[in-house]
Amino acid sequence: MTAAERREYQVTAAVRRERQVTPAERLFIGGEWVEPDGGHYEVIDPATEAVVGLAPEASRAQVHEAAAAARAAFATWSRTSPRQRAAILDRAAELMQRDFAAHAELAQAESGATTATARGMQVAVGVARFRRYAKGALEPVEQGLPPQINEAGHGGTSHALKAMGEGKAGVLGALAVRQPVGVVTCITSYNNPWANPAGKIAPALAMGNTVVVKPAPQDPLSVYRMAAALAEAGVPPGVVNVVGGASAAVGAAAVDSPDVDMVSFTGSTAVGQQIAEVCGRGMKRQLMELGGKGAAVVFDDADLDAAVAGIGTTYSFYSGQICTAPTRVIAQRRVYEALVERLAQYLARLPVGDPRARGTVVGPVISAEHRDRVESYVELGRKEGARVVAGGERPSAPERGFYVAPTLLADCTPEMRVVREEIFGPVVVAVPFDEEDEGVALANDSDYGLIDYVWSGDVARAFRVARQLRAGGVGVNTVGRNMEAPFGGFKQSGVGRDVGSYALQAYSELQAIVWAG
């Protein structure tokens, strides 16, 4: 689509007002809406190629200004009572819920998510996370430790105390205290413009940190709306700052600023490695959720209908742009062909098209560039010898938008690139195995280890296998998530854990206080 054609289909200001969609065209720094030094760029609806709005492009200086504002605000916010922080986060959740329909419409327009996904898995989950961490702000941050008896004249500790003039017998008490880290840079992913930022901002604020948020360039507008709700809820100036841009320099500045103490990043492993190098030089804390290539190990005694439904729904969700998807189906040979056939039939029935249409399951991927990348992997799979049993061709409709048909590549082998590399689209590969140990070895033969899955009618075997899988999470006969369970990856899938109370731990430093009594 040419620029002229795009503008012909763009959402007009009048329609935006009617829909209560008002995309931000300014940065949010120190409690003020600031004109961007770098101008603006267009945010495109992946389903229609229409212009949703203009997003601001921050300069490096403005990113550092935001970090400095967060640093200045930290002294006050970190001393704000947990009850006050909880009240503000709870009020923010109420305000987000108040404008739920407008938030969901904007999130859908800029991300291409289906209506069910935009409303349920994006905005609703984002609001729920602010509510969860309003409660989290009130969780205890101190843990009493067993006292240690100090007998004067005995043991290394007493000798050391004598040397310091404290050689009296007595009891040493101790506390483990969680303290806020300081200024946290939150770099968010495009595949969930509400739940992902909320999952970083809310626990960070609950613990008393201040944040600099760098939203994904493809769909940043929702994050500015989130910042507006937080400001309306009473978050003090400088506690939350949002500085976006399409240039990689914006994210780099948000990482290397001397005012930043921690970086929380969701995105590709390659970018995560670059961030880790910078954080290592500055000794900055890191929390990283990176790539995934989840294995679904299906045994011959599994409920195949349940396995097919779990695999199919998860990897078709948001057009396969989800790092937790089971994109490697590793099936025991006695049921391999039956599983491949059923999965191909399931995928062929999935409605692909306009994400706003009722019944659509698979909408577009985020951009034309990403669509081309996913399609290049399908072609690579063919060249590597995989059998295309579902999809494999670009859908003929809709005429506009960045659509990829749900695709299944069968008869794959472990060395194929389509098996080893993250595709991040609606493409699944299938690999057969014979015995249990082989299935475990195939599942673990990956650079990634975020979430794997096991389907088996033998519960003892399913749990035995789950414990052998090198992944941060394992689903046994389910693709469901417990939102209090720790979330994060092994190997190149990330560093650290969040979700539930584990997120509060992730955004805190552990301090020991010891006293003589």
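The expected span of a helix is 1.5 Å times one less than its number of residues. The structure considered here is a predicted model, in which local features need pLDDT of at least 70 and side-chain atom pairs count only at pLDDT 80 or more, whereas totals for chains, interfaces and linings use all residues. Residues are numbered from 1 along each chain as its sequence is written, and side-chain values use heavy atoms, with hydrogens and water left out. Helices (H or I, at least four residues) and strands (E, at least two) are DSSP runs, numbered from the N terminus.

Helix α4 comprises 17 residues, 82-98. From its first C-alpha to its last, α4 reaches 24 Å, close to the 24 Å expected at 1.5 Å a residue. Burial was assigned from relative accessible area (buried under 20%, exposed over 50%, partly exposed in between; 1.4 Å probe, protein chains only). The buried residues of α4 are Arg-85, Ala-86, Ile-88, Leu-89, Ala-92, Ala-93, Leu-95 and Met-96. These buried residues pack against α3 (60-77), α5 (100-111), α6 (115-136), α8 and α9 (221-233), where contact means heavy atoms within 4.5 Å.

Helix α11 (residues 269-282) has 14 residues, which should span 20 Å at 1.5 Å a residue; its end C-alpha atoms are 20 Å apart, in agreement with this value. Thr-269, Gly-272, Ile-275 and Cys-279 are the buried residues of α11. Viewed down the helix axis, they fall within an arc of 110 degrees and therefore line one face of α11; the arc is that of the directions from the helix axis to the C-beta atoms. An α-helix has 3.6 residues a turn, so residues three or four places apart point the same way. The face of α11 turned away from the buried side carries the exposed residues Gln-274, Glu-277 and Arg-281. The cover over the buried residues includes β7 (183-187), α10 (248-256), β10 (262-266), β11 (285-289) and β17 (448-449). Just after α11, Met-283 takes a positive phi of about 55 degrees.

Strand β8 (residues 210-214) is mostly covered, with five of its five residues buried. In a regular strand the side chains alternate between the two faces of the sheet. In β8, Thr-210, Val-212 and Lys-214 are buried on one side, and Val-211 and Val-213 are buried on the other. Strands β7 and β8 pair in the parallel sense over five bridges (two strands pair if DSSP finds at least two bridges between them), and Val-184 has Val-211 of β8 as its bridge partner. The chain passes from β7 through α8 to β8 in a right-handed β-α-β crossover; right-handed denotes that, with the strands pointing away from the viewer, the path from the first strand over the helix to the second runs clockwise. Strand β8 is also joined to the parallel strand β9 (residues 240-242) by three bridges, and Val-212 stands opposite Asn-241 in β9. A right-handed β-α-β unit is likewise made by β8, α9 and β9.

A search of the whole structure finds four aromatic pairs. Rings of Phe, Tyr and Trp (its six-membered ring) pair if their centres lie within 6.5 Å; planes under 30 degrees apart count as stacked, over 60 as edge-to-face and the rest as tilted. One of the pairs, formed by Phe-28 and Trp-33, is tilted, at 4.6 Å centre to centre and 45 degrees between the planes. Phe-28 counts as buried because its relative accessibility is 5%, whereas Trp-33, at 31%, is partly exposed. Tyr-190 and Phe-424 form an edge-to-face pair, 6.0 Å centre to centre with 85 degrees between the planes. Tyr-190 lies in the loop between β7 and α8 (195-206) and Phe-424 in the loop between α15 (417-420) and β16 (427-433), so the pair ties together parts that are 234 residues apart in sequence. Both Tyr-190 and Phe-424 are buried.
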